[in-house]
Each structure stands twice: as structure tokens, then as C-alpha cells.
Amino acid sequence: MEKLEFKFPSQALLAAAPPALCGVVGSGNLEILVRSGVDRQICEISVNTSARGFGETWRAVLATFAASQAVGGTSIAINDMGATPAVVSLRLAQALADYRGGAQ
Amino acid sequence: MSLSIRHSWFEATARQRLAGLLDPGSFCEFLPPAVAQPSPHLAQLDLPGAFDDGVVVGAGQLGSRQVLVAAQEGQFMGGAVGEIHGAKIVGLLRRAVAERPAAVLFLIDSGGVRLHEANAGLIAISEIMRAVLDARAAGVPVVALVGGSCGAFGGMGIVAKLCSAVVMSEEGRLALSGPEVIETVAGVEEFDAKDRALVWRVTGGKHRYLMDDCAALVDDDIAAFRRGSIELLDDWQETPDTLARLRAKQARLQGRLSAYGRCRDGLEIWAALGISEPERVPLLDCDELIALKEGLPT
């Protein structure tokens, strides 16, 4: 297992919401927990992944997510069992939609 | 039933099953992912855990009845029971003794003990067994719902049979040793685990229903599990097992063993039950099978 920690600058998300979870830690899948974070301009992401040596791939996928969406002020935790970058991106979008839905 | 309006129980996650099973919006999770601890044992083995350790527990309403629920996530480590996973289920069942809800619904989807946690998992399963019996002794029915991809095997197969009743779909499986375990231990001549049709003829929901091992057979549909559970609880009277009832049950099982113990396949047992075209059983839909069973000599 590899543990990765990232901090990306991101536009502030409008409202904090109750934690949202999506996905399952199954083969080729991952779970994502979105919570409110401390710094309104920063998106913190921690990853536990069963696949070693993909730190730069994670950085690229997560940086794209944080740059293209307003996710400042969130703290995201990921448990991963070998999901591909495409699956990770889709799950991130799904988790964010769930989190935003909880804010209304 | 039209396929388009089905929401498959088999394909759904534990959380999706709960969302469709309970009255909309009524579910309140205990120890939700944001406050729960992933398994320390898996972390020590350098494996990623799940925030909820593979089981969702909480309270909700089923047809306006207050119920407690536990739902295992089969996609995480085969729904296997580790220390925290087991402790959450045991805590829920003890809460049932204190709160006396109308029922505990146990959405089983598990191969049994999580081998990574060895003794902690074994102890957890034995604690679940005791807690199920304690809840039932307190008059709270514990209903097992079995229709997930991992079925109910190993220790969770025993737990399912300790529950007040089992509701299954054809896709669900219920047995003690899993097919691969039997093949590994006793050889492919004894049981070919790759023969999926055989596996289902021996452990699947239809066979369990014909053998009276489950109280209700429902379609692989979340709404069907909901209806089945409501109907079951509508006329359920929880009666603790007495010694006499346990002896009668044991005698029935012994009779069953002597009647079917030599059979190699569900097909042979169905023929012995008096079903004229046993090879048609796997082709029947749920309602047809229920009608077939009602027509059998008892």
C-alpha cells in the first residue's frame, strides 16, 4: 500500500455540507469521502492505494480535478484498490455531486 | 416484471440496497464513514481498508415499522467479517435487545471470516451468533436477506440460519463451505466449483426455497426484497426456540440427510421431492417456482 498526500489550490466551494461517501473499495474501484476542510482556498486529498509507484499519475488526475472544479475548503480521503485514472475521475465527479447535493 | 424497472439487489452496493429497502429518507447511519475507523489489521498488512470496514449499520423504518439494519458490502473483501466489521454488527444487535425495534434486518453478503484478521474475525463471528440469539430471545425477529454476489457462506452461513427467517432471491446462495473450499479440500470429483449451474442448483435461492431453508423467495429486485420483508414481518410472531422445538428441528434435518444424503446434485433432490421435470426448475421464474412448491406433496 502507498499513502499519498496532496494539497491543491482551488476556488472555494460555496457551502460546507455533511460528509459524502461514494464508491466501494473493490477490485478496480475506490471509495471517496468528501468532508469540509480548514482552508477555503485549498483542497486536501489523502490517498491509500494498493498499487505502488503511481504517485505522479495520482498527482496529475487530482490536480486536474482541483483546477477544473471549485473544491477549495474540502478534505478528500480516498481508499483505492487499483482503479484506473478514468474511474478515479468519474468517482471524484460523483463524490463532489453527492457532497454538493447534501449542501442544499 | 419488466427488466427496465428493476433495480438489481445482486448488482447494488450495500448502501444502495438500504436506500431502496427502507422507507425513503428514514435511514440514519450509526458510525458513518466520516467518524468510523478502518481496520487496523488490514493497515498492518499494508492493505487499504474501507471507512466503514465493509458493513453499514443504522436505524430506519420499513413500512412504518422501526427497524435496525446491518448491510454487508460484498464488493469489499468479499463482505468478510473482520474485528471492527463484526463489532459494529454485535453492537447493533445488542442495541436491539435494549430498544426492542420491530425487527433487525441483516443484509448478508459475505464469504464468512476475513482471513486477514484470523482469530479476531473468528471471535467476531461467534459474537454475532450469540448476539443474534440474544436479540431473538428478547423477542426481536432478526431477518436475513440473502441475494448478494458473495451469498452467505462460512460463519455467515451459520449466522443466516440462526436468524428468525431468511429471505432470498434466486441469485442468492446459502451454504456452509464455499464451492471453492469444497473443491480444494475434497477434489473436483466431489464438487466442481467452476460449474456455476451446479453451484446454484446446490446452494442457490431456488434450491433453498424448495428445501424450506428460506422462508421467502423474491425476485432479484430491491423493491421485491422490501415487499418480501414487509410481508414476512406482517405475520411474524417471534417465538424463542425451546428444547423440544430444537429436537424436532434436529430430527427433521436427520431425516433430510438420510433421504437426500447420497444425492450429487440439486436435480436429484428435486426429483425425489416429486417434481416431475426437475431440469425445468432453473428456468422457472420466482412466481412459477413458488406455485410449483405449493403443489408439492408434503
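In the predicted model, helix α2(A), spanning residues 85–102, lies across β2, β3 and β5 of chain A, contact being taken as heavy atoms within 4.5 Å, and runs at about 35° to β3(A); axes are lines fitted to C-alpha atoms, for helices over the stretch in contact, and angles run from 0 to 180 degrees between N-to-C directions. Helices (H or I, at least four residues) and strands (E, at least two) are DSSP runs numbered from the N terminus. The analysis rests on a predicted model, in which local features need pLDDT of at least 70 and side-chain atom pairs count only at pLDDT 80 or more, whereas totals for chains, interfaces and linings use all residues. Residues are numbered from 1 along each chain as its sequence is written, chains are lettered from A and ligands numbered from 1 in the order in which they are written, and side-chain values use heavy atoms, with hydrogens and water left out.

The sheet of chain A is open and consists of 5 strands in the order β1-β4-β5-β3-β2, with mixed pairing, two strands being paired if DSSP finds at least two bridges between them. At its edges stand β1 (2–9) and β2 (20–23) of chain A, each with a single partner strand, so that one side of each is left without a neighbour in the sheet. From one strand to the next the twist averages 15°. Within this sheet β4(A) and β5(A) run parallel and are joined by 7 bridges; E44(A) has S75(A) in β5(A) as its bridge partner.

Chain B likewise contains an open sheet, here of 7 strands in the order β1-β2-β3-β4-β5-β6-β7 and with mixed pairing. Its edge strands, β1 (28–30) and β7 (216–218) of chain B, each pair on one side only, and neighbouring strands are turned by 25° against each other on average, direction ignored. Strand β6(B), residues 165–169, runs parallel to β7(B) and is joined to it by 3 bridges, with M168(B) standing opposite L217(B) of β7(B). Helix α1(B), residues 14–21, lies across β1, β2 (55–62), β3 (65–72), β4 (103–108) and β5 (142–146) of chain B, at about 165° to β3(B).

Between the two chains, the contact takes 19 residues from chain A and 13 residues from chain B. The area buried between them, defined as the accessible area (1.4 Å probe) that two parts lose on being put together, summed over both, is about 1300 Å², and carbon and sulfur atoms give 68% of this area. M1(A), L21(A) and V24(A) supply 39% of the area that chain A buries against chain B, more than any other three residues.

Polar contacts, each a pair of N or O atoms within 3.5 Å, where within protein one must be able to donate a hydrogen and the other to accept it, and residues adjacent in sequence count only if both atoms are side-chain atoms, are found for 5 residue pairs across the interface, both residues at pLDDT 80 or more. On the side of chain A that touches chain B, β3 (30–36), β4 (42–49) and β5 (74–80) of chain A are the elements giving two or more residues, and the largest share, 4 residues, comes from β5(A).

The structure holds 22 salt bridges over all chains, a salt bridge being a side-chain nitrogen of Lys or Arg within 4 Å of a carboxyl oxygen of Asp or Glu, and the count between chain A and chain B is 1. This salt bridge links D46(B) with R52(A), the closest N and O atoms being 2.7 Å apart. D46(B) lies in the loop between α2 (40–44) and β2 of chain B and R52(A) in the loop between β4 and α1 (55–68) of chain A, so the pair joins two chains.
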